[in-house]
Amino acid sequence: MSSAACKKLSDDFYMTVNSNGKQEKEILMIRLVASDLDGTILKNGAQELPAGFCDTVKKLKERGVQFAAASGRQYYNLRRLFEPVRDDIHYIAENGSLCVCSGQVISRGLIERELGERIFQAVRKRGGCHCLLSCESACYTDSKDPAFIRHIREVVHYDMKTVEKLEEVTEPFLKIAVCDFTGADNIESYFQKIFESEIKVVTSGMIWIDFIAPNANKGSALAKLAAHLGIAQEECMAFGDQYNDVEMLEFAGRSYAMSDGAAGVSKYATDVTDSVEDVLKEFLRNPM
């Protein structure tokens with residue numbers, strides 16, 4: 001990062017105020033940082049956190065700043081990713097359908113079974129894509145494609161069970177995701193046309209679209225988490241790159257859209273960056 005970019009980044013953490021007619025700088029107080037994972041912290045398909053990221057999270061905690069992993073991923077997968085600090089952070093999982101604070105579930109969003117079953121049927125009718133149903137204990141698929149099953153279990157490392165038909169699952173539905181290895185753009189409009197009047201359908205990375213439970217998103221989950229912790233909206237910082245991050249970016253007092261994120265997402269954020277780590281490290285360098 002250039003020195004000019006560093007100076008601008010550093011200035012982002014201050015607000016100018018007048019005191020007795022004199023210009024002064026006051027540090028913006030940030031007490032909660034929430035960040036998306038895939039495409040935001042995890043770049044270019046990475047499945048492990050960047051080296052040193054958990055150390056940054058530890059340093060944030062030492063400064064009294066809490067961290068929340070906010071992702072479309074399942075809760076147990078996020079705990080695996082953040083293993084060194086897994087009991088020191090909070091979780092906004094399944095795109096906000098499950099929010100966990102200090103090991104306690106503080107909010108859930110559920111998809112009605114009848115709607116979920118119609119989505120399963122539409123995925124089968126469309127063909128060429130694979131359905132992943134997220135529940136609180138595990139996720140499920142009825143895909144028979146070995147490449148998809150291997151991707152979920154061995155690449156993404158999800159706790160996934162296979163069933164003959166997803167309609168067999170008796171647990172409440174948290175989230176439904178659909179994967180198209182040729183790109184999410186190839187299926188997004190198809191499913192939006194069918195279901196957009198009933199449920200939010202958003203891209204969640206390069207090959208996924210997500211059906212998010214009504215009234216559940218990363219922004220509403222972050223709002224509930226902040227309220228539970230006694231933290232004000234303006235004391236929150238958020239990072240994201242896709243349309244499943246929009247509500248979270250809008251909620252946080254300071255928010256960063258990734259420079260290589262989905263087109264148009266940046267208009268919902270206060271700033272743009274190409275690196276979560278750079279922003280957090282600069283934030284830590286500023287005296288509190």
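With which residue does R79 form a salt bridge? In this predicted model, the partner of R79 is D87, and the closest N and O atoms of the pair are 3.0 Å apart. R79 has a relative accessible area of 17% and is buried, whereas D87, with a relative accessible area of 59%, is exposed.

A search of the whole structure gives 19 salt bridges. One of them joins R254 to D271, with 2.5 Å between the closest N and O atoms. This pair links distant parts of the chain, as R254 belongs to strand β15 (residues 254–258) and D271 to strand β16 (residues 271–273), 17 residues apart. R254 counts as buried at 16% relative accessibility, and D271 is buried at 11%. R118 and E198 also form a salt bridge, their closest N and O atoms being 2.5 Å apart. Here helix α4 (residues 113–126), which holds R118, is linked to the loop between α6 (185–195) and β12 (200–203), where E198 lies. R118 is partly exposed, at 28%, and E198 is partly exposed, at 35%.

The largest pocket holds about 700 Å³ of space. Its lining consists of 33 residues, and D38, G39, S204, G205 and M206 lie nearest the centre of the pocket. Strands β8 (130–134), β11 (175–179) and β13 (208–212) each contribute at least two residues to this lining. By class, the lining of the largest pocket comprises ten nonpolar, 13 polar and ten charged residues.

One cavity of 30 Å³ or more was found. The volume of the largest cavity is about 40 Å³. Residues lining the largest cavity include Y75, Y76, E94 and C135; the lining divides into six nonpolar, two polar and two charged residues.

Notes: Residues numbered from 1 in each chain as written. Predicted model: local features only at pLDDT ≥ 70, side-chain atom pairs only at ≥ 80, totals over all residues. Heavy atoms only, no water. 1 Å grid on protein atoms, 1.4 Å probe; cavity = no way out; pocket = protein on both sides within 12 Å on 5 of 7 lines; lining within 4 Å. Points joined across faces, edges and corners; volume = space filled by probe spheres on them. Helix = DSSP H or I, 4+ residues; strand = E, 2+ residues; numbered from the N terminus. Nonpolar A, V, L, I, M, F, W, Y, C, P; charged D, E, K, R; others polar. Salt bridge = Lys/Arg side-chain N within 4 Å of Asp/Glu carboxyl O. Buried < 20%, exposed > 50% of the residue type's maximum accessible area, 1.4 Å probe, protein only.
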